[in-house]
Amino acid sequence: MKNRICEMLGIRYPIFLGGMAHVAREPLVSAVSNAGGLGIIGAGGMSPEELDRQIQLVRKATDRPFGVNLMLMDPKVPELVEVVLSAQVPMVTTGAGNPAKYMDSLKGAGVKVFPVVPAVALARRMEKLGADGVIAEGTESGGHVGTETTMALVPQVVDAVRVPVVAAGGIADGRGMAAALALGAEGVQLGTRFLASVEAPVHEKYKQAVLKASDRATIVTGRTLGRPVRCLLNKLTRTLAKYEAEGRPPEEFESLAVGGLRRAVYEGDLEGGSLMAGQVAGLIHEIKPVAEIIEEMVREAAEILSRGVDFPVP
Ligand code: TUI
């Protein structure tokens, strides 16, 4: 039986590139699609013109399917949806909010929609509204996070919906992919692993910071303000955590945090930037080409899943 996600989207492997704002752009997006996964343009922080240009660049670099991620806290989402529709982008993922008000226009145009869901209730609502699949993302992820872990969330979402589930958060290699499939997911989405790739258009210092990270190198800040974001610990995130603990006014937090992701991605500002990364940063020891990451992951997952067990089966 063929994998439902591969069949629906016309891809070889059920591996999505996380739609990371400022990171999931050309040439990373086409590298993932050309390697048999699904490249996804992170439209967060883009103008409609920039998104249109990125779509054209991806189309020049690959004939394979790709998607666009809409970061729903972005006030420009309605215009970005227009760009997606007029460019006939085949699939969209959404994050950091409820995409209900865009579902009809996207589905009406034949766009496949995979909302990121941090909880079972939203997964059910999205399926009712016509989502083609859902991405169950655990709190291990980098960037904007929910509260539930991938290990606990994925099987609960799998039990709650009939559409295919993609697991995200805490996956960086074939072991993680095998685990996700064992939990009932039919695909995986990776961000941090692809950020630390040769093709990621990210400052070298940011990539090196991911390689240096240990298991406890990340922290979530902004939960008390309703915007929980996981980043590598550095001067900025330590200060933000201190401001929150002291109950300082949100404006003080915001004035430090604003522009943090741009400082990390474009300037490699290791102390003043928001180095968004997932808990798997500690698992990543080498910057590799995307095709190698994908091939190794698929081979490792298949090998693990073909093993028997070393205890008696009752
Ligand atoms: O969206 C993400 N991760 C992100 S977005 C982002 S951009 C950013 N830039 C600067 C500061 C802050 C953010 C960085 N990382 N992941 C998908 C995701 N979606 N995780 C959690 C959710 C989510 C949360 C609540 C999805 C839906 C939701 O619904 C709430 C509701 O309205 O029901």
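Is phenylalanine 16 buried or exposed, and what is its relative accessible area?

Modeller: This is a predicted model. Phenylalanine 16 has a relative accessible area of 0%, and since buried means under 20%, phenylalanine 16 is buried. Phenylalanine 16 sits in strand β1, residues 15-17. Its ring pairs with the ring of phenylalanine 114, with the two centres 5.6 Å apart. The planes of the two rings stand at 70°; planes over 60 degrees apart count as edge-to-face, so this pair is edge-to-face. The structure holds one such aromatic pair. Phenylalanine 114 lies in strand β5, and the two residues are 98 residues apart, so the pair links distant parts of the chain. Phenylalanine 114 is likewise buried, at 0% relative accessibility.

Strand β5, residues 112-117, leads on to helix α6, because β5 is among the elements that cover the buried residues of that helix. The others include α5 (100-108), β6 (134-137) and α7 (150-160). In α6, which spans residues 120-128, the buried residues are Val120, Leu122, Ala123 and Met126. They cover an arc of only 160° around the axis, so they lie on the same side of α6. An α-helix has 3.6 residues a turn, so residues three or four places apart point the same way. Just after α6, glycine 130 takes a positive phi of about 105°.

How values were computed. Residues are numbered from 1 along each chain as its sequence is written. This is a predicted model: local features need pLDDT of at least 70, side-chain atom pairs count only at pLDDT 80 or more; totals for chains, interfaces and linings use all residues. Side-chain values use heavy atoms; hydrogens and water are left out. Buried means under 20% relative accessible area, exposed over 50%, partly exposed in between (1.4 Å probe, protein chains only). Helices (H or I, at least four residues) and strands (E, at least two) are DSSP runs, numbered from the N terminus. The arc is that of the directions from the helix axis to the C-beta atoms. Contact means heavy atoms within 4.5 Å. Rings of Phe, Tyr and Trp (its six-membered ring) pair if their centres lie within 6.5 Å; planes under 30 degrees apart count as stacked, over 60 as edge-to-face and the rest as tilted.
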